Amino acid sequence: MTHEPPGGRPSWGRPRTVVAVLAVVLLVVAVVCTATMDHPMQDLLGTGLRSTLALLCGVAGLCLLAAALLWPTADRPRSLALMSGIVSLVCLAATVLIWVCVSVDDELHSIPGTAVSTSAQAEKVLVQQGLAAGRTAIPTGVMIETMQYTSSNNVKLTGYIWQRLPKDHAEDPEIDLPNAVEGGVGEEIYRDPVPGGREVVGWKLNTTVREYFDYSNYPLDRQVVWLTMWPQHSAVNTLVPDFAAYPPWQTHDGYGVYHDLVSGDWQQQFSTFSVGHGTAHTNYGRPGLAVDNKIPQLTYSIGVTRAFLSPLLNRLVPLAVIAMLVFASLFVVTKDSDRRSLSGFSTWAVIGFCGSMMLVVSVQHSSLRSDTGSGGVVYAEYFYFILYLVIGLVALNAVEHTAEKRIRLVDWRGNTAARLLYWPVTCLLLFAVTAVVFVVTSTT
């Protein structure tokens, strides 16, 4: 039995104290995990168990703390409503936090080979991979002026490319672009002598490269555009970055890219050179080459992230409006015959409404699939899956109120349970999906 102190306010019972202590413990764990990260906003998605614990313990701790303070019970519907709103807001805030962390993450992802920022690093990598002995290193640089997505997997690049070559070298560049599907190295623009008995030769670059872009995280996806370069005579030459043509290389300073190149739907995050090797698994019919010969490979990579706010709002705002309309339909559902005549409630009316909302959602879902062209499930599709589930549950809720056998919880206080659970369930599903896609999966 719970005793009431003077003033009529209930005392803290043992269960309430246990919930409060558990909430504090979870919040302390979340704070400790966050404090051990160098940059919490940037490291949330890449520190394994710590990031997962920080996020889950933070959300669970805040919800339990609210439960301990409000202590919602069946005879206190106002506290239940407050608890419902707090859980919904906490889950929604945690989801937005993950979105922000994804947008500020500027780590190098999907870089072929080994990223290098000095000539000494490039030489060391070539030696380690056995690509230096017997080959002449040819410094090569690029300056990208425009970049345009021509399809979901093709990118058109224009700009300049240059090499430091021996003076007696032919006019053709010592460059092959293996992933180019159109164009390539164009006309020669300049040829200037440089110390060491060489000359720097620059050409116009106009090519379309084909790559595989991963849209599974759309609209919070990031892409890396590769300009892969092989030497034409891979048995005797290898390509290295011409770092002497740039300031001291900093990955996030955008060297090698015109400063106004990436705008609109994309934001540049990094640019870098990387050194590695490719294997064609053929000797091209030349007896002097092995079929598994390593081909020295120089790659210039541009990392971009999508400006997600606009496409995210374009997808979420219509779905949020539909979710609110479906929520409003819960106030029409009643077992009171007098209220039914006023509201016009009938099972078929609610089912028809839910069916029309399903149709609207499915049309938008189909539009999303067409826009991304992805073969798998992209992140934004989970918004639609959640709404499909919620609309279906609302339709079942209407059916239950006209069924012969009733569920006591569903009928409690005239459909109050469904109204209280609607937003917490929706926001919790959104948070869970976001956490699995961007935190749990990315750290395993």
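Predicted model: local features only at pLDDT ≥ 70, side-chain atom pairs only at ≥ 80, totals over all residues.

Colleague: Is Cys101 buried or exposed?

Modeller: Buried, because its relative accessibility is 0%. Buried means under 20% relative accessible area, exposed over 50%, and partly exposed in between, with a 1.4 Å probe and protein chains only. Cys354 is buried too, at 3%.

Colleague: New topic. How much space lies in the second largest pocket?

Modeller: About 460 Å³. Of its 17 lining residues, Leu92, Ala320, Trp423, Thr426 and Leu430 are the closest to the centre. A pocket is found on a 1 Å grid over the protein atoms alone: an open set of points where a 1.4 Å probe fits, with protein on both sides within 12 Å along at least five of seven lines; lining residues have an atom within 4 Å of a point. Points are joined across faces, edges and corners, and the volume is the space filled by probe spheres set on them.

Colleague: Which helices supply at least two residues of that lining?

Modeller: H4 (77–104), H6 (309–329), H9 (381–400) and H11 (416–440). Helices (H or I, at least four residues) and strands (E, at least two) are DSSP runs, numbered from the N terminus.

Colleague: What is the backbone doing at Pro219?

Modeller: A cis peptide bond joins Tyr218 to Pro219, with omega about 5°. Pro219 sits in the loop between strand S5 (198–210) and strand S6 (222–229).

Colleague: And what about phi of Trp71?

Modeller: It is positive, near 45°. Most residues other than glycine have a negative phi, and most peptide bonds are trans. Trp71 lies in the loop between helix H3 (49–70) and H4. Trp71 counts as partly exposed because its relative accessibility is 28%.

Colleague: Last one. Which residues does Tyr382 touch?

Modeller: Val377, Val433 and Val437, leaving out residues up to four places away in sequence. Contact means heavy atoms within 4.5 Å. Tyr382 is in helix H9. Tyr382 and Leu429 are 47 residues apart in sequence, and 9.2 Å apart in space, C-alpha to C-alpha.

Notes
Residues numbered from 1 in each chain as written. Heavy atoms only, no water.
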